[in-house]
Amino acid sequence: MKPVFSVIIPCYNEEEVLQATYSRLDAAMRSLSAPYELIFINDGSRDRTGGMLAALAREHAEVRALHFTRNFGHQIAVTAGLDAATGDAIVIIDADLQDPPEVIPEMAAKWREGYDVVYGKRARREGESAFKKLTAWGFYRVLKGMVGFPIPADAGDFRLISRRAADAVRAMPEHNRFLRGMFAWVGFRQTEVLFQRDRRLAGETKYPLRKMVKLALDGILSFSLKPLSWITGLGVVLTGIGTLWLLVLLILWVAGRGGGGNAALAGLSLLLAGLLILCLGIVGAYLARVYDEVKRRPLYLIAERHGYGEADEPRVNSEHSSEI
């Protein structure tokens with residue numbers, strides 16, 4: 001029977017929470033009284049996650065498991081889930097249970113009202129440091145001012161989306177993916193569901209500062225060209241300042257008071273060189289993304305799959321993937 005709901009659960013080293021994740025998701029989905037599938041994406045886990053997912057797929061008909069050949073990253077794992085999902089409504093939720101599965105029925109009710117994207121908005125964030133809360137708050141406000149369409153603040157990847165919204169995002173082939181921005185970009189009717197984000201049930205975060213910075217850069221560079229316009233403006237300002245400074249140094253030299261001019265000029269040159277390198281780095285970041293796209297490599301590779309019968313192939317044969 002074709003599922004009405006598909007749930008995408010990216011997993012990376014989640015052996016400590018996996019059984020609890022399945023149990024709570026299964027209970028939440030059963031309350032909807034509609035056929036469903038649970039699609040677990042094993043993103044190159046190094047613990048027992050792969051074996052546990054294979055066992056779940058053997059024991060439960062609604063469980064699917066796709067295993068990457070290596071770790072491709074959270075956003076790519078969600079993309080693989082979108083490619084494989086067959087439901088009319090698709091839920092994206094992490095395996096760590098910080099986003100409570102019990103919110104899914106409320107999201108489903110909004111979908112039945114006609115909304116295409118129902119995103120979870122964090123009313124409270126338990127178990128997160130003040131630094132992470134502050135940087136997350138600042139990032140969403142900065143991003144809002146840089147893009148030409150609204151991206152919901154304080155909302156992660158936890159959401160329910162309609163089939164047509166999912167297919168619209170699947171048609172976007174870029175490699176450096178910022179999915180919450182992509183779902184905002186496609187438009188359609190969108191609404192929020194407030195929830196309290198819990199602490200991780202067990203284990204450690206899979207998004208340390210380094211990955212959070214990369215995700216933030218992907219969000220900015222994928223949806224805004226303002227950094228490039230800022231470089232142009234900075235160049236104009238620095239050219240003006242440099243010209244004025246040289247005139248001042250010339251006047252001081254003519255007046256016989258230019259003894260410190262060489263040191264000042266050296267300091268100014270060092271400052272301008274640093275700014276120039278920074279500007280080149282920003283331009284290079286955009287060029288690197290162009291380079292990633294023109295190589296046309298698949299976004300991910302599938303090594304194994306479980307829970308799919310011979311006549312029930314997963315939807316992973318898109319241009320995003322290859323199966324090994």
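Student: Where is Phe-188 found?

Tutor: Phe-188 is found in the loop between helix 7 and strand 7 (190–197). Helices (H or I, at least four residues) and strands (E, at least two) are DSSP runs, numbered from the N terminus.

Student: And what should I know about the model itself?

Tutor: This is a predicted model, in which local features need pLDDT of at least 70 and side-chain atom pairs count only at pLDDT 80 or more, while totals for chains, interfaces and linings use all residues. Residues are numbered from 1 along each chain as its sequence is written, and side-chain values use heavy atoms, with hydrogens and water left out.

Student: Back to Phe-188, then. What is its phi?

Tutor: Phe-188 has a positive phi of about 65°, although it is not a glycine. Phe-188 is partly exposed, because its relative accessible area is 36%. Buried means under 20% relative accessible area, exposed means over 50%, and partly exposed lies in between (1.4 Å probe, protein chains only).

Student: Let us change topic. How many helices and strands are there in the chain?

Tutor: The chain has ten helices and nine strands. Of its 324 residues, 48% count as buried.

Student: Why is helix 3 said to be largely enclosed?

Tutor: Eleven of the eleven residues of helix 3 (residues 74–84) are buried, so the rest of the structure largely encloses this helix. Among these buried residues are His-74, Gln-75 and Asp-83.

Student: Which residues of helix 4 are buried?

Tutor: In helix 4 (residues 104–112), the buried residues are Ile-104, Met-107, Ala-108 and Trp-111. Seen down the axis of helix 4, these buried residues fall within an arc of 100°, so they line one face of the helix. The arc is that of the directions from the helix axis to the C-beta atoms. Just after helix 4, Gly-114 takes a positive phi of about 115°.

Student: And strand 3, how many of its residues are buried?

Tutor: Six of the six residues of strand 3 (residues 63–68) are buried, so strand 3 is also largely enclosed by the rest of the structure. Val-63, Ala-65 and His-67 point one way from the strand, and Arg-64, Leu-66 and Phe-68 point the other way.

Student: In which sense do strand 2 and strand 3 pair, parallel or antiparallel?

Tutor: Strand 2 (residues 36–42) and strand 3 pair in the parallel sense over five bridges; two strands pair if DSSP finds at least two bridges between them. Ile-41 stands opposite Leu-66 in strand 3.

Student: Now charges. How many salt bridges does a search of the whole structure find?

Tutor: The search finds eleven salt bridges. A salt bridge is a side-chain nitrogen of Lys or Arg within 4 Å of a carboxyl oxygen of Asp or Glu.

Student: What is the distance between Asp-116 and Arg-164?

Tutor: Their side chains meet in a salt bridge at 2.8 Å, N to O. Asp-116 lies in the loop between helix 4 and strand 5 (117–125) and Arg-164 in helix 6 (residues 163–170), so the pair ties together parts that are 48 residues apart in sequence. Asp-116 is buried, with a relative accessible area of 5%, whereas Arg-164 is exposed at 51%.

Student: And the pair of Asp-157 and Arg-180, what distance there?

Tutor: The side chains of Asp-157 and Arg-180 meet in a salt bridge at 3.1 Å, N to O. This pair links distant parts of the chain, with Asp-157 in strand 6 (residues 155–162) and Arg-180 in helix 7 (residues 179–185), 23 residues apart. Asp-157 counts as buried at 10% relative accessibility, and Arg-180 is buried at 11%.

Student: Which residues do salt bridges that share partners join into one network?

Tutor: Such salt bridges join Asp-83, Arg-163, Asp-167 and Arg-170 into one network.
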